[in-house]
Amino acid sequence: QNITTGSLQLLVLKTVLDQYPNAKQFAWFQEEHRNSGPWGYLGPRISFVLDWLKSENKIKTSSLDVYSRKVSASPAVGKKKKHDEEQAVLLKDLFV
């Protein structure tokens, strides 16, 4: 039987993450601000599944890093140039 929290099926997520037993890092990337988008909902649930797999010795790390824009009350910076600068830094942080 699958464990469901809202629309997220944890056993499906567990099956997917279980395919990476030698991963040194798990990462979540979203273009939205950290307090927007799906991170607030999915982050704790992904962490739960990673801890579950780690406790069963199926993965080496349960570390989950998040790459997103910093927390903001505004949905956008308001200037295209500033948006592009933030986007470049975000992608650089993710891939470096």
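How do the residues of the lining of the largest pocket divide into nonpolar, polar and charged? The lining holds four nonpolar, four polar and five charged residues; here Ala, Val, Leu, Ile, Met, Phe, Trp, Tyr, Cys and Pro count as nonpolar, Asp, Glu, Lys and Arg as charged, and the others, Gly among them, as polar.

The model is a predicted one, in which local features need pLDDT of at least 70 and side-chain atom pairs count only at pLDDT 80 or more, while totals for chains, interfaces and linings use all residues. Residues are numbered from 1 along each chain as its sequence is written, and side-chain values use heavy atoms, with hydrogens and water left out.

**Stop 1: the largest pocket**

Select S68, R69, K70, E86 and V89, which lie nearest the centre of the largest pocket among its 13 lining residues. A pocket is an open set of points on a 1 Å grid over the protein atoms alone where a 1.4 Å probe fits, with protein on both sides within 12 Å along at least five of seven lines; lining residues have an atom within 4 Å of a point. Next, display β4 (64-69) and α3 (80-95), each of which supplies at least two lining residues. Helix α3 gives the largest share, five residues. Helices (H or I, at least four residues) and strands (E, at least two) are DSSP runs, numbered from the N terminus.

**Stop 2: helix α1**

Move to α1 (residues 10-17) and select its buried residues, L10, L13, K14 and L17. They fall within an arc of 105° seen down the helix axis, so they line one face of α1; the arc is that of the directions from the axis to the C-beta atoms. Buried means under 20% relative accessible area, and exposed over 50% (1.4 Å probe, protein chains only).

**Stop 3: around L17**

**Stop 4: L42**

Select L42 in helix α2. At 17% relative accessibility, this residue counts as buried. Leaving aside neighbours within four places in sequence, L42 is in contact with L8 and W28. The C-alpha atoms of L42 and W28 are separated by 9.4 Å, with the two residues 14 apart along the chain.

**Stop 5: N57**

Finish in the loop between α2 and β4, where N57 is placed. Its phi is near 55°, a positive value in a residue other than glycine. N57 counts as exposed, at 68% relative accessibility.

Definitions and conventions. Contact means heavy atoms within 4.5 Å.
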